[in-house]
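Here is a short report on one protein model and its ligand. Look over the sequence and the fold first, then read on.

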Amino acid sequence: MSLLKAGSSRHYDVSIVGGGHNGLVTAAYLAKSGLSVCVLERRHIVGGACVTEEIAPGFRVSTAAYVNSLFRPEIIRDLRLPEFGLELLERNPSSFTPFPDGRYLFLGPDVVMNQKEIGKFSNRDAKQFPEYEAMLNRIARFVEPTLLRAPPDPLSRNPRDLLALARMAKGFRNLGRDGYGLIEMLTMSAWELLDRWFESEELKVTLATDGIIGTLGGPLTPGTAYVLFHHVMGETNGVRGVWAYVKGGMGSLTYALARSAQSFGATINRNSPVAEILVQNGRAYGVRLEDGEVVSSRIVVSNADPNVTFLKLIKENELPSDFLRAVKQIDYSSGSAKINVLLNELPNFKAIPSDSVGAQHKGTIHISPTLDYMERAWEEAEHGHPSSNPILEITIPSAVDPTIAPPSKHIMGMFVQYAPYSPRNGRWDDSSRNAFADRCLEILSQFAPNIQKSVIQRQILMPPDIEREFALSGGNIFQGAMHLNQLLFMRPLPGWAKYRTPIRGLYLCGACTHPGGGVMGASGHNAAKEILRDLRKRI
Ligand SMILES: Cc1cc2nc3c(=O)[nH]c(=O)nc-3n(C[C@H](O)[C@H](O)[C@H](O)COP(=O)(O)OP(=O)(O)OC[C@H]3O[C@@H](n4cnc5c(N)ncnc54)[C@H](O)[C@@H]3O)c2cc1C
């Protein structure tokens, strides 16, 4: 029986709800294998949380995601992204942490510089650091091959799962004592992990920030060591652990993906919000847009998170009740805000005074002097209050990429924690948003006194704004928290980690699936692979 309904204006093999970077990766691979594919994105631009937007003339801001390292190099090669304009700008040094006493720490890809810098605080740590990085690299070498595969389910008796589990067990055995380190990484807090390696507060606090990014937890919260590890798994131009800016802003990555997908024949429609995923007899047969148009397709893929996909776009009676109950229990908690600031001049740091671009402006600037400071910021958020002394992770991409701002002007992105989604005493209105942004700039001014007077304009995105703008439930930047109970074969839900859903012909391809959040493209790649497997085609 044909599922093409009367009233359908268009028909494709595959329709994709959402043109986030993962949706575009899926689109490109499926189109490359010969399927007709249509991407339907609700916003005026594709890219989801990985976009560049001109928020004032000449200022091209990476509104949400701001640095890349996680995006899989295999996908860059397969989809020929450099041919479509992708250029990664390495950052050296990669981070700068100024401290209240005027001292500072640079870290980066240069081993000798790292040892010299860390040696300012502890000779022992300077000696230990290469060993710590080598340990992370060994574990990353074990984990990385699992990123571009559906995670095997340990409860399954399927030969494919059993084989994959056996391969993993062998790889784990080969890790030797690092295997214990991996288990610790999955379960410990970032603080505990770093305490085992280092003594200097300055080094530990700089490294610990990766453990709390996008996470509603503090450096002492179990599981934050894994978030830390998740953020060191990537690479730039073949060098592991190096984070890069994308020339032209993060949107250039999704622009390259969109052009690649189009080169294989995919159709991409913007301003096309999907109102409903159409299901009959337990099978998806297309989507209905908000304007009433029906796009029919053999396969529907959702790049939206499970909350949006299953609770907003599908009629409740189409899904098993236990599945719906589990979907409602997914954790989308978030305490992250993004404040994009347009600047007349660069922050002039007391630690390294200079009004022109210096090493201190090129990497990520960490404003968070001690682990106690971080933990205190979290304790307030845990009780529902915005941190009075938030943790700031600052980037100034215009210091490395002059194409994104007018001459002599700059863009400063502040990724800030913690700003709870629903503050206990009040809500995020214009006044509380502005007060929070004022406080962040005041804290930065203790290190760079010229900052407040150099602000031209600012864009403040609190968790509810992130939810509204990017359709990320709860404002969770990863489409669902990255706790152990929501990782691997448990992501997005136990038993449903293979990109398939209880509805035949409906798949998920977003960061809500393995291997999770960040601009990785892996979820989109893996979803395409599973769809092609079901269709008995090859990538
Ligand atoms: C503030 C912020 C900062 C971040 N910083 C970084 C960073 O520096 N580096 C990094 O690697 N990661 C970062 N991340 C995380 C990363 O951006 C996300 O994990 C990633 O972009 C998710 O990609 P995705 O394609 O899976 O989903 P999304 O980007 O969420 O895309 C989903 C798409 O679906 C669309 N959609 C939803 N519902 C519908 C509908 N009904 N109809 C049509 N379209 C729909 C949405 O509009 C969106 O375009 C950040 C995220 C945020 C929010």
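## A buried lysine

Lys204 is buried, with a relative accessible area of 7%. Buried means under 20% relative accessible area, exposed means over 50%, and partly exposed lies in between (1.4 Å probe, protein chains only). Lys204 is found in helix 8, residues 201–212. Helices (H or I, at least four residues) and strands (E, at least two) are DSSP runs, numbered from the N terminus. Lys204 touches Leu194, Asp195, Phe198, Glu199 and Leu371, leaving aside residues up to four places away in sequence. Contact here means heavy atoms within 4.5 Å.

This is a predicted model: local features need pLDDT of at least 70, side-chain atom pairs count only at pLDDT 80 or more, and totals for chains, interfaces and linings use all residues. Residues are numbered from 1 along each chain as its sequence is written, and side-chain values use heavy atoms, with hydrogens and water left out.

## The ligand site

The ligand has 36 residues around it; Asn22, Glu41, Arg42, Ala511 and Val519 come nearest. A residue is near a molecule if one of its heavy atoms lies within 4 Å of it. By class, the shell holds 21 nonpolar, 11 polar and four charged residues. Ala, Val, Leu, Ile, Met, Phe, Trp, Tyr, Cys and Pro count as nonpolar, Asp, Glu, Lys and Arg as charged, and the others, Gly among them, as polar. Helix 1 (21–32) and helix 16 (463–470) each supply at least two residues of this shell.

A side-chain N or O atom of His21 is 3.1 Å from a ligand oxygen. Gly48 places a backbone N or O atom 3.4 Å from an oxygen atom of the ligand. For Ala49, a polar backbone atom is 2.9 Å from a ligand oxygen. Taken alone, the ligand exposes 1,000 Å², and the protein buries 97% of that. Accessible areas come from the Shrake-Rupley method with a 1.4 Å probe; for residues, only the protein chains shown count as cover.

Helix 6 spans residues 178–187, and Asp178, Gly179, Gly181, Leu182, Met185 and Leu186 are buried in it. They cover an arc of only 155 degrees around the axis, which puts them on the same side of helix 6. The arc is that of the directions from the helix axis to the C-beta atoms. Their cover includes helix 4 (123–147), helix 5 (159–174), helix 7 (190–197) and helix 9 (224–230).

In helix 12 (residues 321–328), the buried residues are Phe323, Leu324 and Val327. Seen down the axis, these fall within an arc of 100 degrees, so they line one face of helix 12. Ser321, Arg325 and Lys328 are exposed on the other side. Helix 11 (306–312) is included in what covers the buried residues of helix 12.

Trp378 sits in helix 14, residues 371–382. Trp378 is buried, at 8% relative accessible area. Its contacts, not counting residues up to four places away in sequence, are Leu216, Gly217, Gly218, Thr221 and Tyr418. Gln417 is 39 residues from Trp378 along the chain, with 8.0 Å between their C-alpha atoms.

Thr501 is in the loop between helix 16 and strand 20 (506–508). Thr501 is buried, with a relative accessible area of 8%. The Thr501 side chain reaches the backbone oxygen of Leu506 at 2.8 Å. Thr501 touches Phe310, Trp496, Leu506, Tyr507 and Leu508, again not counting residues up to four places away in sequence.

## Backbone geometry

Asn92 and Pro93 are joined by a cis peptide bond, with omega about 0 degrees. Pro93 lies in the loop between strand 5 (88–90) and strand 6 (95–98). A cis peptide bond also joins His514 and Pro515, with omega about 5 degrees. Pro515 is in the loop between strand 20 and helix 17 (522–534).

Which is buried and which is exposed, Asn281 or Tyr499? Asn281 is exposed, with a relative accessible area of 62%, while Tyr499 is buried, at 1%. Phi of Asn281 is near 50 degrees, a positive value in a residue other than glycine. Asn281 lies in the loop between strand 12 (274–280) and strand 13 (283–289). For Tyr499, a non-glycine residue with positive phi, the value is near 75 degrees. Tyr499 lies in the loop between helix 16 and strand 20.

Note on methods. Polar contact = N/O pair within 3.5 Å; in protein donor to acceptor, adjacent residues only side chain to side chain.
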